[in-house]
Amino acid sequence: MSFVSKQTANKSKVVFSIISQGNCIYAAMTRVAVASLRLSNPSLHLVVACDHETDIAIRRAGNPLIGEVDEWVVTNTPPGNAGFRSRFVKTRLRSLIEGSFLFLDSDIFVCGDLSEIFTLNADIAGARNHSRAKFNEQVAVQDLAMLVAMGWKFGTEVYVNSGVLYYNDTPGTYRFADEWHRRWMQSFARFEDHRDQPAMNFALHDTQPSLAVLPDRFNAQFKFTPGVAAGAVIWHYYASLNKPPHTSFERLANDLMHGAKLDKEKTASSLRSFILQNKTLNLKLPVKVLLKKLLPKATHNFCRKILYGKFYALRLETDGLLSPEHQPEFGVLIMAKDFLDSQVFPLNLPLAPDERKGWRGYPVFKGCTRNVNTLSCHVSALTHGNSPHPPHTHRDEEILLLLSGEADIILREDSAFGTEQRRRLKPGHGVYYPSQFSHTIVTISREPAQYFILRWTSPYHTKDKPLAFRQFDLNNSALPESGIAGFRMGLVLEGPTGCLRKLHCHTSTLSPGAGYAPHTDVNDVVIMLLAGEIETLGQRVSPHSIVFYPAGKPHGMRNPGTAPAHYVVFEFHGGEKRTPVMVEDRFTQLRSVCIEASTVCQLKCPSCPTASGIIANRFGSGFLTFDHFRRFIDENRSVSAVELSNWGEIFLNPQLKDILRYAYKKNVVLTAYNGVNLNHANEDVLDALVRYKFRSLSCSIDGDNQETYSTYRVNGNFDNVIKNIRTINAFKKKYKSPYPQLQWQYIAFGHNEHAINMARFMAMKLGMKFYLKLNWEGLYATAFSPVNEQHLIRRKTGLGVADRKEYEEKFGRHFAGANCHLLWIAPRINFDGKLLGCSINHWGDYGNVFEKGLSACLTGEKIEYARQMVQGRREAKEGIPCTDCEVYRTMKVRNAFVRPEELAIPQIEGRLMNFLRNRFSYPALISLRKALAAHFGK
C-alpha cells in the first residue's frame, strides 16, 4: 500500500473508493462529490482509495482528481473486472485508512454540515436502505435472494445502505469490517455478483458492533423515495453508465468526463445553487413539482415499482415450496480470493496418485501478489503411461520441476509426419513454459512421477525480448561461494518473460549453522527445499516443503541441522518496465455466447449455405454433444446466456433434451433468436423446452400456407410447424409458464409479399410476435425472388427500405454489419468448438474453445487483430477471416467501421438472477411480496 498525503492534524476524514480507467464517469462523479464537500464542509480531510491500475490510469490521463483531495491511498487488488475490484477496495477500507472516517459512494452530493456524524460514539453509523421506513421495503429482492441462498441471518429492524457508512476507530469496527470483506468474497465466489450489502448486513448481525442509524437526510436516496430529497444533507442519486445522464449531478459528471473544467466560477456557482435550492424546497409540494424543482430535466420515473413488484423474489424458507430437483445449484468461482502471505507448506512425498484416472493434483496455494495477478502452486502424482491432459496451451506461464520418477515432456506434434517432440526428465530436471506454449507430460517410469508446478499470469508484458522455452537440470548447477558465509548459489535461469520484468531461478546450499538475517525483497519468492532442513518464519522445514515470501514481507533463514540444506529459489519480479496488454476484463468475464447446436438441416432453402453444402464442406456437419456443452458451462462460470441456433436446425440434435436440462440446472438461459424451422420436433423435447424455461424461440415461417411457405423452405411442411407451435403453447398453459417467448420470423420475397398481413394475423392468434425480415439479396447466393411491391416492404419493415441494397444506400453500412459486434459481445462457436466470432463467418476460425478454453481464444492475437480491422485500426491481413467477408469489404469501401460507442456490453443477468426467474412466476412474486410483509410485520 502506498500513500500520497497532504494530511493536517485532527481533521475529520471522508473517504471515497474508486476504480477508474483515467477519465471515466466514476472519477468524474468523485470530483463532483469532492467539490460539493469543499463548499459545504471545507474543514474535512478528503481521501481517495484505489488500486494500482486506477492509480496508473489516473496519472496517465492527467486527471486533476489527485490534486483535489488531501490523501491518495493505493492498494493491491486481485485480478477481476472493475466492479469486483471496486467492491474489493471498498470492503477493505477499514484496514487501509487510519482513525475514524466517513465513507461515501461517488454518486453522492453533499449540501449540508456533516459534523454531527463525526460526534457519534457508535462503532458503525449508516442509513436505511432505499430511505424507506418499512423494513421489507428496505431489502432489495436481489439482496434477499443472496442472503437466503447463502444462509445468512440479518436484523429485522433496519437494513443498512452501504453508500454512506461511518467507521469509528474501535475494535468492534475492525471485527465488522474483516467479516464483511470475508463474507463478500464468499458470495462473489459463489454467484459472481458484485453486490456487497447482503454481506455487510450479515456482518452487522454476526459481529454485533454498536450501530447508529443515521436519519434519511444523511443518505437521501431520492430515486426510491423522492420525498427525502428536500432538506437532505447528502443526496444519493444512483448514477448509471447504461443510461443517458438524467439528474443535474449526472450531467455535471458527464461534462467533466468529456473534458469540462471544474473551475471556481461556473462550477462553484452551480454547486452553490444546488445547496441553496435544497434549503428552500418545500416538503408539502406535490412530488411532481418537487422533482421539477430538484431535477429540472429529469426523465427518470422515480416513483416506479423497484421492490418486489416487477422482476425478482425468493422464498425465505424452503418449507417444501420447491421440490428437490428444483433446488438451486451454484458453481464455485475459481479465482485468487486474497493476497498471498508468508507461509510454509509442508509436503510429504510420495503423494498417492488416482489409480483410476492415473493423475492427481495436490493444490498448495493460489492467490495474487503485487507482482502478478495470479500465482498458483500444486504438486502432481502421475502413473506410468498417463498424461494429465492432451498437449495444450494456456495464457499462464509455467515452471515444472520433476521430483521423483521419470517422465517425457511432449512439446508439440508435427501432424504432417505424425511425430512429436519428446524430452526426457529425471529427478532434478525442470522446464519453463512461456505463455501459449504447447506442452504435456507422460510418465515413463514404472513408479509414479511426482512433479512440482508453478503457474502465474499478469495483464502486463515486458518490452524486452522474453525468455523462450527452457529446460534445466538442478543437479548440474555450479554452486560458487556467495557473499554470505556458508552459503553457495548457482544460477539456473534468468530473464524477462511475457508477464514479468524478470524471472530468476537459482539453487542454493546452506551449511549447518549458517543463515542470513531477515530482510525484504521487491520481488515474490517461492522456495522448495530439496534436501536437509531450514528454519524460517518461526518453523522448522523438512525436505520437499514449499515456502512463499511475498514482496515487502521480511524473511530470514538458517540451517538448524547437521547436514547441508539444498533448495531451489524462484523469484518473480514485476515493476515499472511492464506495459499494459490491451485485454479487457469483459472478454474473460463474458456472459453471452452462441454455441451452434447443429449444422445439419433437413430443408433446402435456395439462398442458404447449409443447404448448398458450403457449411458441411468447410466446417463439417454435426451436433453439439452434451459432454462438450456440460464441460463448457462448468469451465466458464461467467457465461449465463447461450444462443443455440445459427446454421442448422437445433431440433435435429439428438441430445437437445439433455442440453436443455443441464442448462436449467446450472441457471444458464438458452435462446434460439437466429431461428429454427420447427418442422420436426419430438413432443418430449417440446415439453422440455417449456419445462426448462427455454427463453426465446424464433420460428422461420415465410408464408401463410403450404404453397407460399415451401417455395423458399423447400421440403418444409407448413402444417407440421403450426402443429408444433400449438403443442408448445399447450405445454406453456400446462406449466403456467411464459417461456419460450415465440416469434414468427417472415423473410419478405416477391412470391410471399402478398401474404404478410395474413401471416401477421396468424402469428397474433398463436401468441407470437411478428418480425418482417429483409431477404438475403445475394449475400450467400444469387438473389432469390426479389420483392415486387417495394413500397409495401418499405412500409411494413419500418426501415423505409425494400431490400439490403437500399438499406446500404440509405444508412451507409451493410445490413449485416451488426454481426461484427459479436466479436465482442456474443461470439459464435461452431458445434465442434471452433470459435467463428460472428454468425456470418463459415470459412475460418480463431481457435478451438473446447481445447484451448474460451478465455484463451477470446484474448488471442488473431481475434484481437480482427477486432482492430473492423474498427478501421488495422489493414486487412491474410489468414484473418474478416479479410474475406463481404460485410468487411463494404465497411472498408464506405469507411463505416465499428465505432467504440457501439460496443457497450449489454446488461445480461447472471446465474443467480436466472435462478430466480426460472423458479418463480409473476403471480408467485406478488404472493411472496405479501408473505414478506406479513413475516416482518410491517
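The exercises below, each with a worked solution, concern selected local features of a predicted model.

Residues are numbered from 1 along each chain as its sequence is written. Local features need pLDDT of at least 70, side-chain atom pairs count only at pLDDT 80 or more, totals for chains, interfaces and linings use all residues, and side-chain values use heavy atoms, with hydrogens and water left out.

**Exercise 1. Determine which residues of helix α20 are buried and where they lie around the axis.**

Step 1. Helices are DSSP runs of H or I with at least four residues, strands are runs of E with at least two, and both are numbered from the N terminus. Helix α20 covers residues 756–765.

Step 2. Apply the accessibility classes: buried is under 20% relative accessible area, exposed is over 50%, and partly exposed is in between (1.4 Å probe, protein chains only). The buried residues of α20 are Ile756, Ala759 and Ala763.

Step 3. Viewed down the axis of α20, these buried residues fall within an arc of 65°, so they line one face of the helix. The arc is that of the directions from the helix axis to the C-beta atoms.

Step 4. On the face of α20 turned away from the buried side are the exposed residues Met764 and Lys765. Just after α20, glycine 767 has a positive phi of about 70°.

**Exercise 2. Classify the aromatic pair of tyrosine 433 and phenylalanine 469.**

Step 1. Rings of Phe, Tyr and Trp (its six-membered ring) pair if their centres lie within 6.5 Å; planes under 30 degrees apart are stacked, over 60 edge-to-face, and the rest tilted. This rule gives 28 aromatic pairs.

Step 2. For tyrosine 433 and phenylalanine 469 the values are 6.0 Å centre to centre and 25° between the planes, and the pair is stacked.

Step 3. Locate the partners: tyrosine 433 is in strand β17 (residues 429–433), and phenylalanine 469 is in the loop between β20 (460–461) and β21 (470–473). The pair links distant parts of the chain, with the partners 36 residues apart.

Step 4. Tyrosine 433 is buried at a relative accessible area of 1%, and phenylalanine 469 is buried at 16%.

**Exercise 3. Describe how helices α8 and α9 cross.**

Step 1. Axes are lines fitted to C-alpha atoms, for helices over the stretch in contact, and angles run from 0 to 180 degrees between N-to-C directions. The axes of α8 (residues 171–191) and α9 (residues 197–207) come within 8 Å and cross at roughly 135°.

Step 2. That angle makes α8 oblique to α9, given that under 35 degrees counts as roughly parallel, over 145 as roughly antiparallel, 65 to 115 as roughly perpendicular and the rest as oblique.

Step 3. In the loop between α9 and β9 (211–214) is glutamine 208. Glutamine 208 has a positive phi near 55°, in a residue other than glycine, and is exposed at 56% relative accessibility.

**Exercise 4. Describe the surroundings of tyrosine 739, both at its ring and at its peptide bond to proline 740.**

Step 1. A charge sits over a ring if NZ of Lys or CZ of Arg is within 6 Å of the ring centre and within 35 degrees of the ring normal. Arginine 695 lies over the face of tyrosine 739, at 4.4 Å from the ring centre.

Step 2. The peptide bond joining tyrosine 739 and proline 740 is cis, with omega about 0°. Proline 740 is in the loop between α19 (718–735) and β36 (741–748).
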